Amino acid sequence: MCGFSGVFNNSRGSELDTIIQKMNNSIVHRGPDDSGVWVDSAMKLALGHRRLAIVDLTSAGHQPMLSSCNRYVIVFNGEIYNYGELRQALEDEGVAPVWKGHSDTEILLSCLATWGVERTLQASVGMFAFALWDRLEQVLTLARDRVGEKPLYWGWQDDMLLFGSELKVIKACAEFKGNIDRNALALLLRHNCIPAPYSIYKGIQKLRPGHFISLPLTDVDAAKKKISCPYWSVDDAVARGLANPFRGTPEEATDAIEAQLSKSIGQQMLADVPLGAFLSGGVDSSAVVALMQAQSTKPIRTFTIGFDESGFDEAVYAKKVAQHLGTDHTELYVKPSDALDVIPKLASIYCEPFSDSSQIPTYLVSQMAKEQVSVVLSGDGGDEIFGGYNRYLSAKKVWSRMQYLPHFARKFISGSMHSLSPSAWDDVFSFFKPVVPQRMHLVGAGDKVHKLADVLALSDGKAFYHRLNSHWEDPASVVIGSEEPQTLFTDSSKWPETDSFEHWMMAMDTQTYMTDDILVKVDRASMAASLESRVPMLDHRMIELAWRMPLDFKIKDGQGKWLLRQVLYRHVPKELIERPKQGFGIPLDSWLRGPLREWAESLLDERRLRDEGYFHPQLIRKKWQEHLSGRRNWQHHLWDILMFQAWLSEQ
């Protein structure tokens, strides 16, 4: 896990070394163990690299790295998990160089030099982003892993090309023009993140997951017209899986999932530094830890955080799972003061505005884990590929039943549900809690009732999904001078084709929420602590196998992730896992009314909003007052605004 930077055709070519050093130093957190630069003065191209040494801790893994044939130079961020297999393939073909070490970078570079970009990308299993310079053809290739675990920003400013692992490296170039893209800001208010290919700055974009682009730098005009090429896509994996469904029994399907997940985890446990895992006590992280422990002769180090506030504390469940599996477990209980300490850092950690509030506990647990290990595995991705989110269940429970009610009846019911505030609904559910089944005990019941009320009158399933996954319903009405651009979320011509509404939502989430929110959150939070995070559920072989499984192996008997649960129950008793699903979040709604109120009020000051000129203040102030009164819980809408405001104050 590392970070890289690059600049081409800067008007001050003689100063490239100074420029790239400054860019490189902006991401020390991504690679505190080593740094290096490479400059081609004739081409006015410079590459920089910061290294977090994980595999081959010697100088043989130093980057930028020159190929044995001296034709290629690479800067690489990530891990190639099947690097041993790739090395063996080169040796079997008789084309392997004399190896200097055993780093995955050296092996990847040898594959690129021998096989070319596309074959190497197809053969590689891992999370990565890289820049490859072909000194002979003078072509720069940028590439990103299949699902977007590792970031890559790039863009042209006149005839200057800037690229790197974070926006920090681009901002560190003195000639960068950081003009804020109001259309991208509208996307932030929709999604609480800015989806690829957009970024908060005009002219700078994110390379799409599963894509690469080759830029002929001898012809800048031609290079500017180049578009990225896909080498893998979720839609293709979905189509192949549905066309070739798994024909075995549920028991055989469980065997297949366990075998592939165990293989993926085994490869991702390879490291020359201490390794551990995040453990929430939920299905996904517990399954990962169980299969890790099954392959280890020593107790796996596990880490979790908890909260004193009821409804947010999963640490007690994680502790029970850890005790059963025999892991070396560490837990940290988070207080509002801990969050307050993190908040001033968020604008720097997330180099563009990002407002998934679980960013705070993710950073705190990463910081805690770094005290003992340099690599952690997490359970992210399980919900998207095995059907774990509540909205997949509600598609059958709610949406299909809603269709039998006339439109006017649904509108009447919706209005009635809105007549009580979320806090009042919480009181209702609390009153009846002792007499209703445990599976109906809901976290944040009042907000869920209001969200259901919002979708009751919608016209179709796609609108249902759209509403459930939108924060501000009309962001362009909030952001002055903006027009919300099309994304996969809104462009129906690019939607995946599936066999069910539930599968459609899973395919959409994999390409939107997971890539642009979850993976961004985990990468930036962990790397801010100089910790490498790995996600075995997102091994593309795991994704492809999961899409071969029929829907009723994923969502069964009113429960999501049925198949993954069967794997887990072979290792952990069912009673330690079965409980209502809750997200990895913080009690943000009450904190905004309490310890965070003064901080939030300063950022949401009406005069300040008007002077800065990005938002229509009245819409924001209305929600802020309703939130403070307790009549509504607008935590997510307000956090979108607050995270932009905090980021803006540091520009």
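This is a predicted model: local features need pLDDT of at least 70, side-chain atom pairs count only at pLDDT 80 or more; totals for chains, interfaces and linings use all residues.
Local features need pLDDT of at least 70 and side-chain atom pairs count only at pLDDT 80 or more, while totals for chains, interfaces and linings use all residues. Residues are numbered from 1 along each chain as its sequence is written, and side-chain values use heavy atoms, without hydrogens and water.

Start with the overall fold. The protein has 28 helices and 17 strands. These are DSSP runs, numbered from the N terminus: helices are H or I with at least four residues, strands are E with at least two. The radius of gyration is 25 Å, close to the 26 Å that the globule rule gives for 651 residues, so the protein is as compact as a globular protein of that length. The radius is taken over C-alpha atoms, and the rule is 2.2 Å times the number of residues to the power 0.38. Along its principal axes, the C-alpha trace spans about 70 × 60 × 45 Å.

Next, burial. Of the 651 residues, 58% count as buried, meaning under 20% relative accessible area (1.4 Å probe, protein chains only).

Now zoom in on two helices. The axes of α12 (residues 336-349) and α13 (residues 359-370) come within 10 Å and cross at roughly 100°. Axes are lines fitted to C-alpha atoms over the stretch in contact, and angles run from 0 to 180 degrees between N-to-C directions. That makes α12 roughly perpendicular to α13, a label for angles of 65 to 115 degrees.

Which residues of α12 and α13 meet? D338, A339, V342, I343, K345, L346 and I349 in α12 meet Q359, I360, Y363, L364 and Q367 in α13. Contact means heavy atoms within 4.5 Å.

Methods:
Angles under 35 degrees count as roughly parallel, over 145 as roughly antiparallel, 65 to 115 as roughly perpendicular and the rest as oblique. Buried means under 20% relative accessible area, exposed over 50%, partly exposed in between (1.4 Å probe, protein chains only).
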